[in-house]
Amino acid sequence: MDCIFCKIVKGEIPSRKLFENDRVLAFYDIQPAAPAHALVIPKKHIASMNEAEEEDRELLGELLLTAKKVAGELGIAESGYRLINNVGPDSGQIVFHIHIHVLGGEKLGGLNVKS
Ligand code: AMP
Ligand code: ZN
């Protein structure tokens with residue numbers, strides 16, 4: 001499958017890793033939208049929340065807890081951060097392997113609902 005994040009999981013594309021275990025991986029976003037910007041992904045390929053199933057319940061929980069851990073690693077736990085999960089075309093999702101953005105390191109703008 002031609003999925004860029006699956007390639008990162010397999011080590012076929014390099015990434016700056018922040019955390020890894022058997023199930024999840026966190027790495028720096030290549031095009032940071034804030035001073036601190038990381039992505040948390042499952043190693044299992046799930047295209048988006050639309051494809052997540054009941055059997056993924058624990059994995060989805062682990063993604064959120066990993067995002068919290070990563071925020072701590074990035075030193076933004078206390079100053080605050082935003083977790084974003086884009087789903088589908090209208091959200092601007094460009095990589096169809098589910099991921100949570102961890103954004104912070106500065107005062108973030110309000111939610112940009114309209115482009
Ligand atoms: P989304 O719009 O939610 O699908 O966001 C995908 C994110 O993946 C974007 O913020 C990209 O900058 C990021 N991205 C794409 N390719 C890579 C890569 N090879 N390494 C790290 N981040 C990437
Ligand atoms: Zn994938």
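Predicted model: local features only at pLDDT ≥ 70, side-chain atom pairs only at ≥ 80, totals over all residues.

User: In what order do the elements of the chain run from the N terminus on?

Analyst: The chain holds two helices and five strands. Read from the N terminus on, these elements run in the order α-β-β-β-α-β-β.

User: Why does the chain count as being as compact as a globular protein of its length?

Analyst: For 115 residues, the globule rule gives 13 Å. The chain comes close to that value, so it is as compact as a globular protein of that length; its radius of gyration is 14 Å.

User: What share of the contacts with a separation of 6 or more is made by residues 24 or more positions apart?

Analyst: A contact here requires heavy atoms within 4.5 Å. Among contacts in the chain with a separation of 6 or more, the share that comes from residues 24 or more positions apart is 56%.

User: Is Cys3 buried or exposed? And is Cys6 buried or exposed?

Analyst: A residue is buried if its relative accessible area is under 20%. Cys3 has 6% relative accessibility, and Cys6 has a relative accessible area of 12%. Both values are under the cut-off of 20%, so Cys3 is buried and Cys6 is likewise buried.

User: How many disulfides are counted in the chain?

Analyst: A disulfide requires a pair of cysteine sulfur atoms within 2.5 Å. By this rule, the number of disulfides is zero.

User: How far apart are the mean positions of the positive and negative charges of the chain?

Analyst: The chain has 13 positive and 16 negative charges. The distance between their mean positions is 4 Å.

Technical notes:
Residues numbered from 1 in each chain as written. Chains lettered and ligands numbered in written order. Heavy atoms only, no water. Helix = DSSP H or I, 4+ residues; strand = E, 2+ residues; numbered from the N terminus. Rg over C-alpha atoms; globule rule 2.2 N^0.38 Å. Lys, Arg positive; Asp, Glu negative; His and termini not counted. Charge placed at Lys NZ, Arg CZ, Asp CG, Glu CD. Buried < 20%, exposed > 50% of the residue type's maximum accessible area, 1.4 Å probe, protein only.
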